Amino acid sequence: MKKNLIILFCILLMSQLTLNAQERFPIKGTVIGLDSAALAGAKLSLKQSQTQTIADARGNFVLISHFPIDTITIEYIGYATQTLPVSAAKRSPFIFRLTGNAQTLEEVTVQTGYQSVSREKATGSYAQVSNHLFNEQVGTTVLARLDGIANGLTVDKKRANAFSTGIMIRGLSTIGGPKDPLIVLDNFPYDGDLDNINPNDVESITLLKDAAAAAIWGTRAGNGVIVITTKKGHFNQPVSIDFSSNISRVSKPDIWNTKPISSSDYIDVEEFLYGKGFYNSNINSIVRPALSPVVELLIKKTNGQISAAEADAKIDALRKVDVRNDFAKYIYSPAVLQQYALNLRGGSQNISWLLSGGYDHNISDLSATLRRISLRSENTIRFSAALQLTA
């Protein structure tokens with residue numbers, strides 16, 4: 001009898017579970033984008049029920065849930081993925097509005113300085129430096145942040161001067177002609193000093209590295225093209241404020257790493273050369289070139305201006321002097337690099353704007369000071385879909 005009751009209880013329990021598993025809660029709705037357009041092909045899935053579907057041409061969908069309350073996930077290319085709870089008790093259809101994902105859109109766009117094309121349609125050899133990668137370094141200049149992070153770009157700091165940036169793209173392209181690549185800033189060739197561009201205003205950089213760039217920019221692109229795109233405001237964007245600051249402290253250079261000749265050995269060489277007449281031309285020259293303290297003491301000793309014992313005592317004192325101690329104490333100091341940047345941008349239906357400012361204050365290990373204040377303002381007015389004015 002007891003065994004029969006247990007069997008009956010198990011049958012009733014399994015029947016109840018089967019009935020619960022067969023419960024179906026339809027969830028209906030529509031998926032739209034920022035401009036209220038239907039997002040056909042959007043993928044929707046329920047976490048607990050393990051069901052999924054695809055939105056039709058009008059963005060409509062129907063999902064079957066096995067639970068009164070479930071979690072829905074909506075995915076669409078170019079938009080941020082949304083995950084939120086839904087209740088089957090809601091009788092009216094759901095309306096899900098997805099927001100744009102700027103990072104996803106940026107990853108499939110290549111700037112040529114003439115137009116923006118998708119990565120699949122871009123021809124030629126290029127390298128793209130995103131805003132995240134560009135800001136991994138905290139250099140004061142655009143060139144300092146590009147060094148070492150862009151494929152095919154070499155920075156020859158020995159060649160950099162007032163007439164050359166020292167930049168090479170894909171190696172040396174000419175022997176006698178100009179070697180610098182073309183710089184394109186916001187779709188216009190830039191002939192100014194690259195150090196005047198605030199790196200905190202840069203959104204992305206694209207390097208055009210082959211002959212395909214010459215089809216756009218002509219012979220000036222023979223050494224490659226660096227396309228710099230700055231940050232801009234966007235239409236229908238709420239006001240956003242970005243502030244960044246960084247302070248870097250660089251220790252004194254390790255001048256003890258080198259192993260030069262000791263002061264005592266160097267003085268021995270000077271005494272040997274003096275005895276052989278090596279310094280006679282400088283001593284008798286009417287130009288009177290500078291001589292070392294040891295040579296001056298040897299001259300006074302020879303002329304009888306000081307006694308030999310006094311000269312030897314002073315020379316022995318100089319043997320204990322290491323000039324690196326004086327450089328470390330009086331010449332070198334820790335370098336301090338400071339950067340501050342403030343960026344405000346926003347936009348309405350037909351107007352977008354951006355206002356940014358930056359302040360840089362660097363003190364090198366030799367106490368050389370660099371100060372830079374940069375201000376930038378950009379406003380765009382959209383008169384129609386085909387006409388815009390940017391100032």
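**Note on the predicted model**

1. Val323, Phe327, Tyr330, Ile331 and Leu366 form a nonpolar patch of about 500 Å². Patch members have over 30% relative accessible area and no salt bridge; like charges are joined within 9 Å, nonpolar side chains (Val, Leu, Ile, Met, Phe, Trp, Tyr) within 5 Å. A salt bridge puts a side-chain nitrogen of Lys or Arg within 4 Å of a carboxyl oxygen of Asp or Glu. Areas are Shrake-Rupley values with a 1.4 Å probe; for residues, only the protein chains shown count as cover.

2. This is a predicted model: local features need pLDDT of at least 70, side-chain atom pairs count only at pLDDT 80 or more, and totals for chains, interfaces and linings use all residues. Residues are numbered from 1 along each chain as its sequence is written, and side-chain values use heavy atoms, with hydrogens and water left out.

3. Confidence (pLDDT, the predictor's score for each residue, from 0 to 100) averages 83 over the chain, with 85% of residues at 70 or more. Residues 15-21 stay under 50, and the model gives them one contact beyond four places in sequence. Contact means heavy atoms within 4.5 Å.

4. Tyrosine 330, from the patch, sits in helix 10 (residues 323-331). Its relative accessible area is 58%, so tyrosine 330 counts as exposed. The classes are buried under 20%, exposed over 50%, partly exposed in between (1.4 Å probe, protein chains only).

5. Overall, the chain has 10 helices and 21 strands. These are DSSP runs, numbered from the N terminus: helices are H or I, at least four residues; strands are E, at least two. Of the 391 residues, 32% are buried. Accessible surface totals about 24400 Å², 58% of it from carbon and sulfur atoms.

6. The largest nonpolar core has 19 residues; Val142, Leu153, Ile205, Ile226 and Ile228 touch the most other members. Strands 10, 11, 12, 15 and 16 and helix 4 each supply at least two residues of this core. Another core, of 16 residues, lies apart from it and includes Ile27, Leu39, Phe61 and Val86. A core is a set of buried Ala, Val, Leu, Ile, Met, Phe, Trp, Tyr and Cys residues joined through side-chain atoms within 4.5 Å.

7. Leaving aside neighbours within four places in sequence, isoleucine 226 contacts residues including Leu153, Ile167, Pro181 and Ile205.

8. Last, helix 8 (residues 293-303) holds glutamate 296. Glutamate 296 is partly exposed, at 31% relative accessible area. Its C-alpha lies 9.8 Å from that of alanine 311, 15 residues apart along the chain.
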